[in-house]
Amino acid sequence: MYFPVYNEHTVMLFWMHLLEMRLKVVLLSIIIETLIVTAAAQINLAPHGVPLQSSNYPNYPANLAIEGPANNKWKDGCSVTAAGQVYAWWGLQLPAVAYMTNILIYYREHFAYRMDKFRLFLENGTVDQSSASGLCYTDQGIPGYPAITQNITSNMLAKNVYFVNRRSDATCFIELCYVAIYGCWKGTWETNCTDTCSPKCINQHCYPSDGFCVWGCDPQNCRNNTCNNQTGVCTEGCVDGWVGQYCNTNSL
């Protein structure tokens, strides 16, 4: 019978390998937990908006894209623009301005080529669907066709979303089976956007994930005009006559 002989070097390598595997498991758990916490801080804003599109393919109106289910199946309903177009768009107009963190889009399976070279715009107006300042993402210049499911990072403050496509001939379609727009209404943050941003955040605008001020803080009523740019707290106290961590309560 053969009994393997392990020297000190072999044993050390074994324990190092075991430690490496355990570290990978721990890191993976941390990454997953971080992603879950980040996602939990947002809400799907899409059901609160009014969907519309440049034209309608019979029985496939704009609202099907936000009603679900979240898949790429044509039989479950997709919003589709009319045939024979050179320019087409699908849009969603929200009732209020929101900080949009990411946009999840399911295209029709087997037809990703129809979405090739699309552009995604986040706008505040109601007329222009494709202003240069509102461009969030473009598929133009990216080799190959887009994946049939995309999660596009946006991190923009806007009220309206437009998915835009253009062709040189009359073969332009937009086929969106599901669209979810994640973020928080401007001025809110935390899990499910239940907390309000600091009153010291300029225009009370903060990041949905951590409540930090996007545009910095307003030092009004703060002693020495000093406030924390992340939290909005008056770090050196208040001027006479004002109290509270944000110095927004009159004590007189």
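**Salt bridges and disulfides, question by question**

Me: The side chains of Arg-114 and Glu-175 are said to meet in a salt bridge. What makes this pair a salt bridge?

Reply: This is a predicted model, to start with. The N to O distance between Arg-114 and Glu-175 is 2.8 Å, and the cut-off is within 4 Å for a Lys or Arg nitrogen and an Asp or Glu carboxyl oxygen, so the pair qualifies.

Me: Where do Arg-114 and Glu-175 lie, and how far apart are they in sequence?

Reply: Arg-114 is in the loop between β4 and β5, while Glu-175 is in strand β8, so the bridge ties together parts that are 61 residues apart in sequence.

Me: Why is Arg-114 called buried?

Reply: Its relative accessible area is 18%, and buried means under 20%, so Arg-114 gets the label. Glu-175 gets it too, with a value of 2%.

Me: How many salt bridges does a search of the whole structure find?

Reply: Five. One of them joins the side chains of Glu-109 and Lys-73, at 3.5 Å from N to O. Glu-109 sits in the loop between β4 (87-107) and β5 (119-123), and Lys-73 in the loop between α2 and β3, so this bridge ties together parts 36 residues apart in sequence.

Me: Are Glu-109 and Lys-73 buried or exposed, or something in between?

Reply: In between. Glu-109 has a relative accessible area of 23% and Lys-73 has 35%. Buried is under 20% and exposed is over 50%, so values in between count as partly exposed.

Me: On to the cysteines. How do you know that Cys-78 and Cys-177 form a disulfide?

Reply: Their sulfurs are 2.0 Å apart, and the cut-off is within 2.5 Å, so the pair counts. The structure holds seven disulfides.

Me: Why is the Cys-78 and Cys-177 disulfide called right-handed?

Reply: Because the torsion about its S-S bond is about 80 degrees. The pair links distant parts of the chain: Cys-78 is in the loop between α2 (64-67) and β3 (79-80), and Cys-177 is in strand β8 (residues 175-185), 99 residues apart. Cys-78 is buried at 0%, and Cys-177 is buried at 0% as well.

Me: What is the handedness of the link between Cys-201 and Cys-213?

Reply: Left-handed, with -75 degrees about the S-S bond. Cys-201 and Cys-213 both lie in the loop between β10 and β11, so the pair ties together parts twelve residues apart in sequence. The S to S distance is 2.1 Å.

Me: Why is the disulfide of Cys-238 and Cys-247 called left-handed?

Reply: The torsion about the S-S bond is about -90 degrees, so this disulfide is left-handed. Its sulfurs are 2.0 Å apart.

Key:
Residues are numbered from 1 along each chain as its sequence is written. This is a predicted model: local features need pLDDT of at least 70, side-chain atom pairs count only at pLDDT 80 or more; totals for chains, interfaces and linings use all residues. Side-chain values use heavy atoms; hydrogens and water are left out. Helices (H or I, at least four residues) and strands (E, at least two) are DSSP runs, numbered from the N terminus. Buried means under 20% relative accessible area, exposed over 50%, partly exposed in between (1.4 Å probe, protein chains only).
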